[in-house]
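I opened the notebook to look up a few points in a structure. The entries follow in the order in which I made them.

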2 protein chains.
Amino acid sequence: MTGALGLPRSIRLREVSLRDGLQIEAPMPTSAKLELLDALVAAGLRRIEATAFVSPSAVPALADAAEVAAHLSEYQGVEFSALVASPGGARRAVDAGVTSLEYVVSASDGHSRANAGRASAEALARVADVAGIVNRAGGRTEVIVAVAWDCPFDGPTPPEAVVSLARRAVESGAERLCLGDTIGTVTPGRMADLVAAVRQACPTTPLGVHLHDTRGMGMATALAAMQLGVLDLDASIGGLGGCPFAPGASGNIATEELAYLCREVGVETGTDLAALLEAVALAERIVGRPLESRLLRAGDRRRD
Amino acid sequence: MTGALGLPRSIRLREVSLRDGLQIEAPMPTSAKLELLDALVAAGLRRIEATAFVSPSAVPALADAAEVAAHLSEYQGVEFSALVASPGGARRAVDAGVTSLEYVVSASDGHSRANAGRASAEALARVADVAGIVNRAGGRTEVIVAVAWDCPFDGPTPPEAVVSLARRAVESGAERLCLGDTIGTVTPGRMADLVAAVRQACPTTPLGVHLHDTRGMGMATALAAMQLGVLDLDASIGGLGGCPFAPGASGNIATEELAYLCREVGVETGTDLAALLEAVALAERIVGRPLESRLLRAGDRRRD
């Protein structure tokens, strides 16, 4: 079945609701996050970005990063990670026991200053420090290139800037790369172009993508990414999420929709769709509003 | 750019809002429909399903089919069509001057009885009558296979039933075929399978698809259809639509989102995106509620 569409056999789905999904929400008890985490793990998710070690004043919803981290050893067989925006954040993460880190570098100065308080080149120059901290702890560093296609402040991002950033990040110790569609503007064609360019520059580094569904193109772009052989995709239960420092950003692609798409085209994700839909319902209760999940409203086409 | 994704250079986008989009709405003045039609033509749409010649008591919103038809000659260079569900409807359409007709045959008895008041085989047996009426008027007949993947009453539709129906329809005079995803359950894999099977049975008949975006899979499935070489796609401005005789049916894929996807991947549709977004806003005013158009909310990524 998948032959005609040129799809891979499986992908590695990374759940980012506990970080990207909650970062724009009002702070909530750590216990609510752990309840959601229970549901996500029960649904079969095995790569989970659990929190971010960033400024608690800038992102109050994630001020309990260390408390969340303290519980992660209770879950077996899950690869947990955390997002950081500075070497200081990386140290706090490692001290809290999280050694798989996503370090964000914005490809534009406008977003970099808004998000991290420094220019893109300055943020890039710190990859080596972050990677050093992580390496000493026996972990691994992924660099997420934020605003890889468009910046809400600086406009379209030149692909050469992303390629150059990616190359430098790998030279500085990044073991994985991820292209972030921070404001939901990428579509399949631009996905194909940038993936090809970054792969040419960094042919041996695993490359993932992080998509937002701002303009209804999320699933089509995810399908295209998988057809291009991208095996690492971020998603967030119920489509929760958005960047507090990027005007116009909206929710991530929804985990349950990506998992549904994958099940339907024969791409393994290791998840249980019914359990994912239960997790969406739980996420709605936790954030106190309905989420934009068409799949939750309409239900699985298979009613068994 | 499109090379990596295997897409065609152009598609023929058929706008179905005036039929599928309005059929579940409260009846509205013909003048409002003509205002929307003006906007659709102004946005570059050149294939438009303008109305349906069906029972006014069953579909009161389309009771003014002949009045709408009387205005179609005012638009130059547009291929208008109408949907019919019986030879009687075909006669009324031809009498009103519309000779490009879509005749619906449901692939399941459950939907066929609910939609047309007769079993699938009985509806199929009338293709020849419809085609005869159309041929004498110098027009062309398309058969839309409703519930081609799933029926809300009878469950999954056996692909063999669709293939057999398609073959018989072509033998009876259908010059085009269209696979209707009436309740929004198709996904890229099942699209690939059924398109391949129908093409094998009817290799020379143009084959289109009619999708609903019930579970968030509409754009991904449209992308896959285009990759499979399907060049005829139905869509409805703002995602208006749904079947009054199919519980669980929701809106069609949105014209503006399909046009945006196509523009982004270099597939020509002949449409003007800014004008399409104006037409969505007009459609919202006409039906009196916001439509589920993420693209309208977020806007074109190009702000020029």
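I note here that the model is a predicted one.

I then looked up where B:V147 sits, and found B:V147 in the loop between β5 (140-146) and β6 (150-151) of chain B. Its phi is near 45 degrees, which is a positive value in a residue other than glycine.

I turned to chain A for A:V147. A:V147 is in the loop that lies between β5 (140-146) and β6 (150-151) of chain A. Phi of A:V147 is near 45 degrees, again positive in a residue that is not glycine. The relative accessible area of A:V147 is 0%, so A:V147 is buried.

Next entry: how the copies are related. I asked what rotation superposes chain A on chain B. The rotation is 180 degrees, with 0.0 Å of shift along its axis and an RMSD of 0.0 Å. The two copies are therefore related as by a two-fold rotation axis. I also asked which residue of chain A comes closest to that axis. It is A:A220, whose C-alpha is at 1.9 Å from the rotation axis. The same surface serves both copies, as 100% of the contact residues of chain A recur in chain B.

Next entry: the interface. I found 35 residues of chain A in contact with 35 residues of chain B. I wanted an area as well, because the size of an interface is often given as the accessible area lost when the parts come together. Chain A and chain B bury about 3100 Å² between them, and 61% of this is on carbon and sulfur atoms. Three arginines, A:R215, A:R294 and A:R301, supply 25% of the area that chain A buries against chain B, more than any other three residues.

Last entry: pairs across the interface. I asked how many salt bridges there are between chain A and chain B, and the count is 4. In one that I looked up, A:R294 pairs with B:D213, and their closest N and O atoms are 2.5 Å apart. I also noted 11 residue pairs in polar contact between the two chains. On the side of chain A that touches chain B, the elements giving two or more residues are α9 (188-201), α10 (218-227), α11 (255-265) and α13 (294-298). The residues of that side divide into 16 nonpolar, 7 polar and 12 charged.

Notes:
Residues numbered from 1 in each chain as written. Chains lettered and ligands numbered in written order. Predicted model: local features only at pLDDT ≥ 70, side-chain atom pairs only at ≥ 80, totals over all residues. Heavy atoms only, no water. Contact = heavy atoms within 4.5 Å. Buried area = accessible area lost by both parts, 1.4 Å probe. Salt bridge = Lys/Arg side-chain N within 4 Å of Asp/Glu carboxyl O. Polar contact = N/O pair within 3.5 Å; in protein donor to acceptor, adjacent residues only side chain to side chain. Helix = DSSP H or I, 4+ residues; strand = E, 2+ residues; numbered from the N terminus. Nonpolar A, V, L, I, M, F, W, Y, C, P; charged D, E, K, R; others polar. Buried < 20%, exposed > 50% of the residue type's maximum accessible area, 1.4 Å probe, protein only. Least-squares fit on C-alpha atoms with pLDDT ≥ 70 in both.
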